[in-house]
Amino acid sequence: MRMELGVLAWGDGGWGDELARGAMVTIAIASAAYLVGSVLGVLLAAMKLSGSVALRWLATAYTTTLRGMPEMLVIYIVFFGGGALATWIAANILGIRGHVDLPSFAVGVVCIALSVAAYACEVIRGAVLAVPRGQIEAAQAVGMTSLQRNRLVVAPQAFRLALPGMTNVWQFTVKDTALVSIIGVTEVMRSASIGSNATKQPFTFYLAALVIFIVIAYLSQRLFTRLQKSADRGVRWGA
Amino acid sequence: MRSRLKRLILAVPFVVAGLAPAQAEVVRIATEGAYAPYNFKDSSGKLVGFEIDLAAELCKRAALTCEVQEQAWDGIVPGLLANKFDAIMAAMNITDKREAVIAFSRPYVKTPIRFVTTKTGVGAAHTASLPAITLEEVDPAEAAEIKGLAKLLSGKTIGVQASTSHEWFVKEYMKDSTIKSYDTMDNMILDLVAGRIDVGYTSTTFLAPIHKKTPGLVEFGPPMTGGLLGRGVAVGTRKESTELREKFSTAIGAMIADGSLSALATKWFGFDISAK
Amino acid sequence: MGGLDHLGFILDTVFHLSAGIPRTLVLAAVSLAIGFVLAVGVAVALLASNPAARKLAAGYVYVFRSSPLLVQIFLIYYGSGQFRGALEVLGLWHFFREAWFCAILALTLNTGAYTSVLIAGGLRSVPWGQIEAAQAVGMSRYRVFASIAFPQALRHALPAYSNEVVLMIKATALASTITLLEITGLAKQLSAETYRPFEVFAAAGIIYIALNGVVAGGFGLVERALQRR
């Protein structure tokens, strides 16, 4: 058996465009999941840092559960349970009768966002705790309210400190999208699978998928490095 | 925090749009998209196949607006029960196990299941003593044939698609063989050709086009239907969708009566496997 | 009461799925062990003076850290089937034919890449003064590495490595996609038979969380023991 690169051609004769479309879907899912997951992660970090024992416990239960389970299982549970849950919510809380349609794209995004949130929470919490204690005390001494202190002192610095960790979380998110192929979302992995079955050339297609992910990782790294540089502007080395 | 808040607000319409209830009139039909010639994707990524054509014809006759969507086989029954779609047309056989949770229209196709192997593989030289077996009423000759196959395959590896009646059959009757379950039939054939499994057990209708693409495969043993393997391929619906089911059954009956079902089956499978 | 029935079913399922625990642990343990040895070699190469060695090691690490494990597994398992002829000539087909071999190969290469970064980081963190002193006393390069640098590198990397072990145990779930019946594979089978996927997968999740809890606890004990020394 040989490797025929012709099957990767563009257009109707080859699968190149299907793979490209899959790559777009991958990036779309990853972006959406990263956004939702980050917001949720901020919420969880706030809960973990709060004074309330109940909130801390809840947040810890969440992160322990989501970080202790394979992402694949999270996807299966949300996929199989989510539709029933949404229908139940729609019927009993929102009063909408009949079926509730959850597009698999949204389900995929939710699944990944749940895992992302657990990891993002730890990164953000670590970043907030790493803001120099002296600056917080100084802000208190100057008479800032805690809202002002968080907005002007803690948040901007935590953002900068969280960036390396959040870069890793992004890379994790992109790789996690490959798993939503198991619930039928046509991203890169599934496109490669379909192509490989049609042409009986699994090596060619999965290698192509591998390359696509490496390219996405490379471009993402360049983007995040620029973000880090701009966030680090004016910061002296070691601060 | 401001940009984070903005992001949160932007996410809300996303979620609300996803929860919008679908139109009550559109019947959503789920199919696998990886089981030629029943349902598969052409090189432009479009869903095509016998069941896609059949769905269009049945819906026309039943005056329904239908939408065919793709669904991975593993999640197809749970998806139906969770209201992700309203009907399943994915070469799914009527079996007792399935009837415990969903309901079926009358069958539109009867597909025999058969063992397949490579030209030089296990079973290639086996000559069946019977032309076909129906598992509902197994007479002594048929039982002997099945036992003979079990003995031939004892200690060997049989490949099947996961969560299918084929898997249930080999688990029940071929207890001395190793069974490997695959996410798609295509991947099973890949492994059969690669030599990771000795034989495969799948439907003759799936195998028909495969022989053209992958020469060197040999079917052996009698084609089997019925019993554990199911009483024919039909449209699956939720138990409470009685009206929808009846509409499908009536349309299927009409197509059998005027011969269009036979014609469609012959077009896609090369021989007439339509139910009568 | 419906709730009690659900709970009973979940507990029952946990019992059934535990049959997959040995396979999960073996997959993880073997991959971690071989992967660790690989990682040490790669880490040394990453810090080597030879630019070719550095580039090769860096390339390997980059490829396996930037792509999903699922793609790596499918590439090795199904991809090797495409080159069966060539592999048979090399006498390797006997190995690639087995799903467990492909799974362990993929997991090993994966953990090797991640762990090598941890070990390299650990090695870099050893104070240069200690290396100089050891060399001044006349220790051979090998002894400097084995007695001074490596043990400290390990201690430094331990917290992060406990994370890697947890990730590996979770990663074994992907072996279910190539016909292996570890915990997740059994869960998929059970969910298809009972048509109660939510409870079955929740039960599987409980098992993984418990396993990872034990691992994390174990590493915590080791860390504390090392601190006392």
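1. In this note, buried means under 20% relative accessible area, exposed means over 50%, and partly exposed lies in between (1.4 Å probe, protein chains only). By that scale B:Glu57 is partly exposed, with a relative accessible area of 22%. The accessible areas come from the Shrake-Rupley method with a 1.4 Å probe, and for residues only the protein chains shown count as cover.

2. Basis of the note. The model is predicted: local features need pLDDT of at least 70, side-chain atom pairs count only at pLDDT 80 or more, and totals for chains, interfaces and linings use all residues. Residues are numbered from 1 along each chain as its sequence is written, chains are lettered from A and ligands numbered from 1 in the order in which they are written, and side-chain values use heavy atoms, with hydrogens and water left out.

3. Chain A. The secondary structure of chain A comes to eight helices and zero strands, where helices (H or I, at least four residues) and strands (E, at least two) are DSSP runs, numbered from the N terminus. Read from the N terminus, the elements run α-α-α-α-α-α-α-α. Chain A has 239 residues, of which 53% count as buried.

4. Salt bridges over the whole structure. A salt bridge is taken as a side-chain nitrogen of Lys or Arg within 4 Å of a carboxyl oxygen of Asp or Glu. Over all chains, the structure holds 23 of them. In chain A, salt bridges link A:Lys48, A:Arg67, A:Glu122 and A:Arg125 in a network.

5. A:Arg190 forms a salt bridge with B:Glu70, and the closest N and O atoms are 2.2 Å apart. B:Glu70 belongs to strand E4 (residues 65–70) of chain B and A:Arg190 to helix H7 (residues 188–199) of chain A, so this pair joins two chains. The two partners fall in separate classes of accessibility: A:Arg190 counts as buried at 16%, whereas B:Glu70 is partly exposed at 22%.

6. A pair within one helix of chain B. B:Glu57 and B:Arg61 meet through their side chains in a salt bridge (2.8 Å, N to O). Both residues lie in helix H2 (residues 50–61) of chain B, four residues apart, and are therefore separated by about one helical turn. An α-helix has 3.6 residues a turn, so residues three or four places apart point the same way. B:Arg61 is partly exposed, with a relative accessible area of 34%.

7. A pair that spans the sequence of chain B. The side chains of B:Asp96 and B:Arg231 form a salt bridge (2.7 Å, N to O). B:Asp96 is in helix H4 (residues 96–99) of chain B, while B:Arg231 is in the loop between strand E12 (217–225) and strand E13 (236–237), so the pair ties together parts that are 135 residues apart in sequence. B:Asp96 is exposed, with a relative accessible area of 59%, and B:Arg231 counts as partly exposed at 32%.

8. B:Ala72. This residue sits in the loop between E4 and helix H3 (76–81) of chain B. B:Ala72 is buried, with a relative accessible area of 13%. Its C-alpha atom is separated by 8.6 Å from that of B:Ala34, 38 residues apart along the chain.

9. Helix H10 of chain C. Ten of the twelve residues are buried, among them C:Ile183, C:Leu186 and C:Leu190. At the start of the helix, a side-chain oxygen of C:Glu182 reaches to within 3.0 Å of the backbone nitrogen of C:Thr184. After the helix comes C:Tyr195, whose phi is positive, near 55 degrees.

10. Helix H4 of chain C. H4(C) (residues 69–82) has 14 residues and reaches 20 Å from its first C-alpha to its last, close to the 20 Å expected. The helix bends by about 25 degrees at C:Ile76, the bend being the angle between axes fitted to the seven residues ending there and the seven starting there.

11. A nonpolar surface patch. A:Val211, A:Val215, A:Tyr218, A:Leu219 and C:Tyr62 make a nonpolar patch of about 460 Å². Patches are made of residues with over 30% relative accessible area and no salt bridge; like charges are joined within 9 Å and nonpolar side chains (Val, Leu, Ile, Met, Phe, Trp, Tyr) within 5 Å. Helix H8 (residues 202–231) of chain A gives the most to the patch, with four residues. C:Tyr62 lies in helix H3 (residues 51–66) of chain C and counts as partly exposed at 33% relative accessibility.

How values were computed. A polar contact is a pair of N or O atoms within 3.5 Å; within protein, one must be able to donate a hydrogen and the other to accept it, and residues adjacent in sequence count only if both atoms are side-chain atoms. The expected span of a helix is 1.5 Å times one less than its number of residues.
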